[in-house]
Amino acid sequence: MAAGAASALAFLSQESRTRAGVIGGLRVPAPVTMDSFFFGCELSGHTRSFTFKVEEEDDAEHVLALTMLCLTEGAKDECNVVEVVARNHDHQEIAVPVANLKLSCQPMLSLDDFQLQPPVTFRLKSGSGPVRITGRHQIVTISNDLSEEESEEEGSEEEEAELCPILPAKKQGGRP
């Protein structure tokens, strides 16, 4: 990786891949698949912005959960302001500064899974960096397709689910 160049890293976390079907004895109506990938980019004097976006025709729900911003090797003792450009609830583009890092007093900042929906642009508004941004790209896919096996299981569960009528309790004789 070239120094000062923005880069995106994505590694599939095998533990994060889950497929819901039955949870606690209850059947979930649609199978859900969740994938989680590591995310990282670097902003510097050479690369002042980086945009994270996903394919428009993708039906999955994408979330970028930021975990940390930190100054990396070669950073000067100056204010490095990082700004996030994203869309608000009215789908209007807004720019918000999320970090002001300085080597001598605050070289890193934990964002505790600060969640954003793509597209998201990170900008180095002031300073020369380099500033490393890390997090997770989470993809949630809900499948409406049921396989034959799942349909058969559903049919047998419906048969088991038929309830017996509730009868009134019998009175016991001989109790005062």
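In this predicted model, four strands form an open sheet in the order 5-10-7-8, and their pairing is antiparallel. The edges are taken by strand 5 (49-52) and strand 8 (93-101); each has a single partner strand, so one side of each lacks a neighbour in the sheet. From one strand to the next, the twist averages 20°. Strand 5 is paired with strand 10 (residues 120-126) through 4 bridges, in the antiparallel sense. Within this pairing, Thr-51 has Thr-121 of strand 10 as its bridge partner.

The largest nonpolar core contains 23 residues, of which Phe-39, Leu-66, Leu-69, Val-82, Phe-122 and Ile-133 touch the most other members. At least two residues of this core are supplied by each of strand 4 (32-43), strand 5, strand 6 (61-71), strand 7 (80-87), strand 8, strand 9 (108-116), strand 10 and strand 11 (131-142). Strand 6 provides the largest share, with 4 residues.

The loop between strand 6 and strand 7 includes Glu-78. This residue has a relative accessibility of 24% and therefore counts as partly exposed, the range for that class lying between 20% and 50%. Beyond its neighbours within four places in sequence, Glu-78 contacts Leu-101, Lys-102, Gly-127, Ser-128 and Gly-129. With Ser-128, the side chain of Glu-78 makes a polar contact of 2.4 Å to the side chain of the partner. Leu-101 lies 23 residues from Glu-78 along the chain, and the C-alpha atoms of the two residues are 7.9 Å apart.

Notes: Residues are numbered from 1 along each chain as its sequence is written. This is a predicted model: local features need pLDDT of at least 70, side-chain atom pairs count only at pLDDT 80 or more; totals for chains, interfaces and linings use all residues. Side-chain values use heavy atoms; hydrogens and water are left out. Two strands pair if DSSP finds at least two bridges between them. Axes are lines fitted to C-alpha atoms, for helices over the stretch in contact, and angles run from 0 to 180 degrees between N-to-C directions. A nonpolar core is a set of buried Ala, Val, Leu, Ile, Met, Phe, Trp, Tyr and Cys residues joined through side-chain atoms within 4.5 Å. Buried means under 20% relative accessible area, exposed over 50%, partly exposed in between (1.4 Å probe, protein chains only). Contact means heavy atoms within 4.5 Å. A polar contact is a pair of N or O atoms within 3.5 Å; within protein, one must be able to donate a hydrogen and the other to accept it, and residues adjacent in sequence count only if both atoms are side-chain atoms.
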